[in-house]
Amino acid sequence: MARCLALAARGRGSVSPNPMVGAVIVRNESVLGEGFHERFGGIHAEVSAIKAAHGDVRGATLYVNLEPCSHWGKTPPCTDLIISSQIARVVVAMKDPNPLVAGKGIRKLTKAGIAVEVGVLEDEARRLNEAYVHFVMRQRPFVALKIAQSLDGDIAAADGSSHWITSREARTFVHELRAMYDAVIIGARTVALDNPSLTVRFVNGRTPKRVVLDGAFNISVDTTVVSDRFRDRTIIVTSKDALRRHARKASLLERRGVTLIGVKGNSAGYIPLDRVLAALGELGIASVLVEGGATIFSEFIQSHLAQKLYLFQAPILLGNGRRWSTDIRALEEALKICNVQVRMIGPDLLIEGYLE
């Protein structure tokens, strides 16, 4: 099963909103075949493993980290091929929470006389597909916050500059994160101050969707994210009123391939984050990495809409800089982070955990 998880992880960044799945076929402690789900719309891991198998798989055991599907989607049901291949036993890490599956695959295999075992390395399997599980259960993206701060808790200097707080090693890791998540979210102020590209450059991987939250629709048409070669991967979420007021700009950006989403906001142009996530979910975006700025971080936390935190702490002091944290006035209001992992990335400290 550990090998299944390792194989499944190879599909990271390529299969969403589908889950990452790996499969291994074994007989008498010898591996007959293995495979993984390589890309969205492609063949599933179980099919790949059966096709790659050397020799007859009749009577063998199939290990897979997620319950085999029993319905027609972009590909035929995996259960049908497993049954027709006369595999004798299937070991599953976890049931599929997708209502289209949700135990139906296991029941179909059992009814066909195949022995099924469920729950091997289940926690590890859930962690691997945490974004998928969240997305299919709630129909909105899994949200992770990526925050880089100084030792004294600032994300930018007093003048607003925030480039390169962390080291090249930490920035390389952030590019790995971008390649893992379906989309990156930033606020309009961060775009105006930093003009970031939000692409994947330091590692191999696909550039995610780039989502700008801009309730007033003030974004400049010369900004990198709406004018570079990845502009068709940019989504601007604004208010419906702002889109009507700036119809000419909206038309220009749409001709460039930029996606515009108008949601109902208030008179000041504020757009509720739950509506933003619902709109992104409708586009099939299962996971987002929030990269700033301070107001966006605080709103996600105060709205209890963030699930994960990547907090980088750089060995610098900014003194009277700009902080990101939400307004907490009493100890009992403190935010709790669970399942914390701490490690060094270059000279920077990374604290990774989940928001309760």
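Helices (H or I, at least four residues) and strands (E, at least two) are DSSP runs, numbered from the N terminus. The model described here is predicted, so local features need pLDDT of at least 70 and side-chain atom pairs count only at pLDDT 80 or more, while totals for chains, interfaces and linings use all residues. Residues are numbered from 1 along each chain as its sequence is written, and side-chain values use heavy atoms, with hydrogens and water left out.

With a relative accessibility of 41%, Val340 counts as partly exposed; buried means under 20% relative accessible area, exposed over 50%, and partly exposed in between (1.4 Å probe, protein chains only). Together with Ile337 and Val342, Val340 makes up a nonpolar surface patch of about 220 Å² of accessible area. Such patches consist of residues with over 30% relative accessible area and no salt bridge, with like charges joined within 9 Å and nonpolar side chains (Val, Leu, Ile, Met, Phe, Trp, Tyr) within 5 Å. Accessible areas come from the Shrake-Rupley method with a 1.4 Å probe, and for residues only the protein chains shown count as cover.

Attention now turns to the interior. A nonpolar core is a set of buried Ala, Val, Leu, Ile, Met, Phe, Trp, Tyr and Cys residues joined through side-chain atoms within 4.5 Å. The largest such core has 37 residues, of which Ile25, Leu62, Ile82, Ile87 and Val90 touch the most other members. Elements giving two or more residues to this core include α1 (2–8), β1 (22–27) and β3 (61–64). A second, separate core holds 32 residues, among them Val143, Leu145, Ile185 and Ile301.

Ile301 is also one of the buried residues of helix α12 (residues 294–302). Just after α12, His304 has a positive phi of about 55°.

Charged pairs complete the picture. The structure contains 15 salt bridges, each a side-chain nitrogen of Lys or Arg within 4 Å of a carboxyl oxygen of Asp or Glu. In one of them, Arg89 pairs with Glu117, with the closest N and O atoms 3.0 Å apart. Because Arg89 lies in strand β4 and Glu117 in strand β5 (residues 115–118), this pair ties together parts that are 28 residues apart in sequence. Lys146 and Glu291 also meet in a salt bridge, at 3.7 Å from N to O. Lys146 belongs to strand β6 and Glu291 to strand β12, so parts 145 residues apart in sequence are tied together. Both Lys146 and Glu291 are buried.
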